[in-house]
Amino acid sequence: MSLLKSPITALHGVGAVRAEAYRRLGICEAGDLMWHFPRSYENRGDVKTLVEATVGEKQALVLTVATKPTLARIRRGFTILKFRAFDATGTCEMVYYNQDFLKNAFSVGEEYRFYGKLEQKAGRFGMSSAAWEPTRAARPLAPLFPVYPSVDGLSQKQIKSGVHEVLSAAESELSDYLPDEIRLKNRLPALLTALRGIHMPESYADLIAAKRRLVYDELFLFALALRLSAKRERKTGAPVFDKNDLSPFLALLPYRLTGAQSRAIGDILADMATNTPMNRILVGDVGSGKTVCAAAALYVAVKNGYQAALMVPTEILARQHAADLAPLLERLGIRVTLLLGALTEKQKRLARETVAAGETDVVIGTQALISEGVEFASLGLVVIDEQHRFGVNQRAWLTEKGKHVHTLVMSATPIPRTLALTVYGGLDISRIDEMPPGRQKVDTFFVGESYRERLEAFIRKQVTEGGSVYIVCPAVEERDEEEGNLLLSEIGELVLPEQKTPLKSAVEYTKELSERLPELRISFVHGKMKSADKDKVMRAFAAGEIDVLVSTTVIEVGVNVPNASLMIVENADRFGLSQLHQLRGRVGRGTRKSYCVLVSDTKGENATKRLKTMCATNDGYEIAETDLKLRGPGDFLRPMANMGIRQSGGTDFRIADLCEDGDMLLGAFSDAEKFLSEQTLADHPVLSEKVQSMLAENETKIN
């Protein structure tokens, strides 16, 4: 048996315990290690002298050992190894804790490359527990040192050793599945070259080339699988909803539907009137009226004798939908149940029992809908709001609670039609491109840091007049222990690090703002918080108990706060226009005059154009077209990032990013279309095996 297909225990030094650690990483066969990519790289090739180095940051230093290492036992179980090393500009004390085995590792007069955080006390340099490598003229040291995702029981050294062993075997066992004509057209390296380049890059250029090849592979396979699955016949056997008279429903609405809403509802009802399961996405701007379209679908499903489920990403949004929809549906004789994780066990048990017994018609809830024990008597329709907040597995688990159910997903991201047809694959698309009358315009301004004092005065004014304020920051908090590393996700991006504005973090900015505006009630919310904690903060903000909410883009979708009158987006150049437009949609939802302020000191020409576009128009589709021209298809691909192929175990693409790699995605789709029009997969057995494996693995995810 080839090593690549062998169990992970076939690698040297991997026994049962280490194999279990690998299994927790999703690595079962030795060949899986080839696809376990580094998460970042230590930039050890950027060598500084001691006087050039920045104290408090990780540095690479080439130093000569000056003194013999001495080992001191401080107390039982705690030792310190010390020696001095120098370069032409100074001397540094090197310290290692509880690493007695290093006592004979360093030779006086020999040169080593050290990598670690440089410290300085009383004018003296020091480094603690620095990584080290001897320098050898015959074998230059690699400039980029990979750092892998790991778990307890697996060291970086063990993972690297396994990767090297597998890549050696790959020289004779690995076949390149990408057709040569496609690889050469896109100027991509061979597969083995790319794998070596991602794991053991000899230069930054090698790493960029390797990443391009591996990103393209994932996107091309994604495109092939999506196109092939779209060509398959859809299953039949779905319930036929032919009782679709909406007159009683429409008579209760306090407004007339827009033309776009009427067209969307027509699409939905036509789908549900056949025995082929509806698989439709409803795309519309924030505030365009998608919810009433969903309500019409719920009404028709129930009138045809079936149950319907509406799943949303947060409990507060579920409660909001229930508050909006239940009074309308109940007047039509439709029983509505709310099912949330926050309910008491007794309340959840009662809700599950009524659903299973068919004693309720519409269930509104969060992921609690897909929990074990939730059974439907006759589920016929599933509606998923803010679909990009759910993984494909979660959506599949809900639809599998019925038999060939109709599915409607909704997204608040306007997307250009041609791009939508590409990325949404086999999904049928309805667009709401018309806003209901009376929706007020949000005045938008683009300012720099010099406006900070006036901006804070404006915050005070809004709160004093009874409004509330959102402030969005691009980061949760300062970067963690990998500060200074080159993240794999950032390798090859178009924006150079020196062109980026310093990031503001939600946690730190909340502290700063609370000190400057002590009279205001300021809090923060971000995606790393527990759902219950996020909902608690959002409920307090909606209730007017918080004046200013500092947040990450977790509030891009969420609760309706009619009182919110000001949206401030920090580091606005870091966001795409479509995302900024969604954030702006959080204000202007009531009667209060509302504003959006985009804060950035960017000097980039494209970034400036994009932010000025936000000030010039409130039309989501015009903004999307502009963003496509200026920035490429990246940011409005984010809502569909969870809708396509995903790897086993529920993780996203290993290396591709549907937002950052949007241009390459479109190229991969074009190549896949041309490839399938000219030849068949049968002519490429290795490629066919990869695609068929992906199709089988994701059968429920891409149909």
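Aromatic pairs come first: a search of the whole structure finds 18 of them. Two rings of Phe, Tyr or Trp (its six-membered ring) count as a pair if their centres lie within 6.5 Å; planes under 30 degrees apart are called stacked, over 60 edge-to-face, and the rest tilted. This is a predicted model, where local features need pLDDT of at least 70 and side-chain atom pairs count only at pLDDT 80 or more, while totals for chains, interfaces and linings use all residues. Residues are numbered from 1 along each chain as its sequence is written, and side-chain values use heavy atoms, with hydrogens and water left out.

**Aromatic rings**

- The ring centres of Tyr112 and Phe114 are 6.1 Å apart with planes at 45°, so this pair is tilted.
- Both Tyr112 and Phe114 are buried (buried means under 20% relative accessible area, exposed over 50%, and partly exposed in between, using a 1.4 Å probe and protein chains only).
- Phe458 and Tyr595 make an edge-to-face pair, with 5.2 Å from centre to centre and 75° between the planes.
- Because Phe458 lies in helix α13 (residues 452-464) and Tyr595 in strand β24 (residues 595-599), the pair ties together parts that are 137 residues apart in sequence. Helices (H or I, at least four residues) and strands (E, at least two) are DSSP runs, numbered from the N terminus.
- Phe458 counts as partly exposed, with a relative accessibility of 22%.
- One aromatic cluster is formed by Phe83, Tyr96, Phe106, Tyr112, Phe114 and Trp132.

**Charges over rings**

- Look for Arg44: its charged end sits over the ring of Phe145, 3.5 Å from the ring's centre. The rule asks for NZ of Lys or CZ of Arg within 6 Å of the ring centre and within 35 degrees of the ring normal.
- Arg454 lies over the face of Tyr451, at 4.0 Å from the ring centre.

**Cysteines**

- A disulfide is a covalent bond between the sulfur atoms of two cysteines.
- With the cut-off that the two sulfur atoms must be within 2.5 Å, the count comes to zero disulfides.
- Cys92 counts as buried at 0% relative accessibility, and Cys293 counts as buried at 1%.

**Two crossing helices**

- The axes of helix α16 (residues 577-584) and helix α17 (residues 605-616) come within 10 Å and cross at roughly 35°. Here, axes are lines fitted to C-alpha atoms, for helices over the stretch in contact, and angles run from 0 to 180 degrees between N-to-C directions.
- The crossing of α16 and α17 is right-handed; a crossing is left-handed if the near helix is turned anticlockwise from the far one by less than a right angle, and right-handed if clockwise.
- Leu577, Leu580, His581 and Arg584 of α16 make the contact with Arg610, Leu611, Thr613 and Met614 of α17 (contact means heavy atoms within 4.5 Å).
- Arg584 is buried, at 2% relative accessibility. Leaving aside neighbours within four places in sequence, Arg584 is in contact with residues including Val442, Met567, Cys596 and Ile623.

**Positive phi angles**

- Most residues other than glycine have a negative phi.
- Arg187, in the loop between α3 (180-185) and α4 (191-199), has a positive phi near 55°. Arg187 is exposed, with a relative accessible area of 75%.
- Asn571, in the loop between β23 (564-569) and α16, has a positive phi near 50°. Asn571 is buried, with a relative accessible area of 6%.
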